[in-house]
Amino acid sequence: MNSELMPFEPAELAFIGVYLLSLLVVGWLGLRAKKDDSMSDFYLGGKGVGLFVLVLTLYATQYSGNSMFGYTGNAYRIGYAWLMCVHFMTAVVVFYLLLAPRLHFLSKREGFITPTDYLEHRFGSPSMNLVATLLMLVAVGNYLVAQMMAMGRALQGLMPQVPESAYIYGVILLALIIVVYETLGGFRAVAWTDVIQGLILLVGLFLLLGMACYYVGSPAAATGKLLASSPADVAKVLPPDAQRCREWLSYVVVVGLGAALYPQAIQRIYAARSAATLRRSLAVMAFLPMTVCITTVLVGVIGAAYEPGLKAAESDKILTVICRQIQQQSLFGRWLVVVLFAAILAAVMSTADSVLLSISSMLTKDLYGRFARPNASNTELALVGKISSWATIGLAVLLAVRLRDTTLMQVLDRKFDLLVQLAPAFILSLRWKRLRVGPTLAGLIAGVALAVTLAACGYGKIGGVHAGIFGLAANFAIAVFGSTLYERESPPHAVCS
Amino acid sequence: MHSPKDRGEEKALSWPLWITYLILLAVGVPWYWPEGSTTLWFGLPAWAVTAMVASAAISLLTAVALWHPWPGESDSQGEEEDQTP
């Protein structure tokens, strides 16, 4: 079976070109809307983001290229059991209930810009600031490289005649577009392009499911076909075994908590115009996992029934296989795939731009501004921010080009194992005044060490449970018991409200 | 005594809410379905339909929990127009 798209015609390429140019125009509009040279204006849009923009920027940022290719691929491999993705993506919004109300209130009162600003306010510890910042940079840094690789692969599929050139020049071109509109308009440009990207993604997903049902087969027909096939295919329809159910619960905790603690997600909590805006945005967000997750699972299952035979990592190409089938049907099908391709680019670029802006803010404010030049002026920090964006994207492009022949880095799977270790420092500290910095930092380091060691020794999951969960249990125990013991020695350092 | 503004966060963090979440999650994760069950609803596996319905219920519950104002939230906030170009 052919897993490459048919080459796009000039008119179809022009459509993609117009879409990419529109992002630059939005960047320029973001520049015109700039109110001042403050970091709050550049990195958080002056904290004036309204409901419509906030919903779509949260949506477009939360779902990446991995959601499109990875989720369809997983559903292709394990069948309906991948519906666990609906639960863990809904869990992200549920865990915001523990985090968002107080963090938003404090961010308005204290003028937070980066996630570490909250830790500084709560613990006042340079060591905690440094460890947490480095952890977040590592976790989202490789995520950025993964998005760059996904961009290259998307363009590679478009020009199968010259795959290497398409990958390299594709990564460079798209990275350049992202960094230009981000440098021009900062958060406003990122959030406003997320609006375009989120809408294209939403439309693209509905088209994808509709086209797959019409041209390939309905989910009901696919289920019947799988039940009549080999035992391996029948297993994709049967209830999952005990180990898979444990994995399901583990995903709910590790991804639910980890994605709620993405630095770019925390910054959107800060950027909301008001608590009411944030609250309503999250209420809408609670329903959006059903659009991406259910759609991609059903498409993966349809692929498993009608396009069997893709093995292991190859199965991540099932989305492209289905798109090629649709392309071959009619002129209408060809154009639908063009829109879908734009949706895939939108998913990847909207995540990459938000991650890039978040990394730039942490490098500038948390490392340069806090440790290297504490007395730096706003103008100097703004310049450093822009230089760090270009340096970060340059490094990400270089790594994406160098790693182009590898499968999507396994370390990507580890990012949630790392991010989830921040839960006591961010969530428990908001709710428990007696939590102390020493035990929290010790727990964080121990949790990261345990999760990384287990994963490095080949125990990424034990009995279906992620290494990060074991790390979090140790982390939580050290933070709570340590704080309880410290309590007898002296009163807590800071207030949490 | 809590002010009316604190009630929203109380609602979001109340034990009944989190117990309901746990019950819905326990219903959604298909641990209790008999091994080899091939029951179909609307052409899809019954356990998969149950998982999707439980997820929809969790979304609805979350939206309801977010209905109440949070601490420090004024009634006039959040009604301004978006800054979308």
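Predicted model: local features only at pLDDT ≥ 70, side-chain atom pairs only at ≥ 80, totals over all residues.
Residues are numbered from 1 along each chain as its sequence is written, chains are lettered from A and ligands numbered from 1 in the order in which they are written, and side-chain values use heavy atoms, with hydrogens and water left out.

**Where the chains meet**

Let's start with chains A and B. Chain B brings 50 residues to the contact, and chain A brings 50 residues too (contact means heavy atoms within 4.5 Å). About 4,200 Å² is buried between them, and carbon and sulfur atoms give 72% of that. Buried area here is the accessible area (1.4 Å probe) that two parts lose on being put together, summed over both.

How many salt bridges cross the interface of chain B and chain A? The rule finds 0, where a salt bridge is a side-chain nitrogen of Lys or Arg within 4 Å of a carboxyl oxygen of Asp or Glu.

On the side of chain B that touches chain A, the elements giving two or more residues are α1 (7-13), α2 (15-28), β2 (44-45) and α3 (46-65) of chain B. Of these, α3(B) gives the most, with 12 residues. Helices (H or I, at least four residues) and strands (E, at least two) are DSSP runs, numbered from the N terminus.

**Rings that pair up**

Over all chains, the structure holds 19 aromatic pairs. Rings of Phe, Tyr and Trp (its six-membered ring) pair if their centres lie within 6.5 Å; planes under 30 degrees apart count as stacked, over 60 as edge-to-face and the rest as tilted. Take F112(A) and Y270(A): their planes sit at 55 degrees with the centres 5.6 Å apart, so the pair is tilted. F112(A) is in the loop between α5 (84-110) and α6 (115-123) of chain A and Y270(A) is in helix α12 (residues 263-271) of chain A, so this pair ties together parts 158 residues apart in sequence. Both F112(A) and Y270(A) are buried (under 20% relative accessible area, with exposed over 50% and partly exposed in between; 1.4 Å probe, protein chains only). There is also one aromatic cluster, formed by Y71(A), W82(A), F88(A) and Y251(A).

**Charged partners**

The whole structure has 12 salt bridges over all chains. Here are some of them:

| Salt bridge | N to O distance |
|---|---|
| R334(A) and E12(A) | 2.9 Å |
| K461(A) and E247(A) | 2.8 Å |
| D366(A) and R370(A) | 3.1 Å |

R334(A) in helix α16 (residues 331-372) and E12(A) in helix α1 (residues 10-32) of chain A are 322 residues apart. R334(A) is buried at 11% relative accessible area, and E12(A) is buried at 2%.

D366(A) and R370(A) are 4 residues apart in helix α16 of chain A, about one helical turn. They also belong to a network of salt bridges that links D117(A), K365(A), D366(A) and R370(A).
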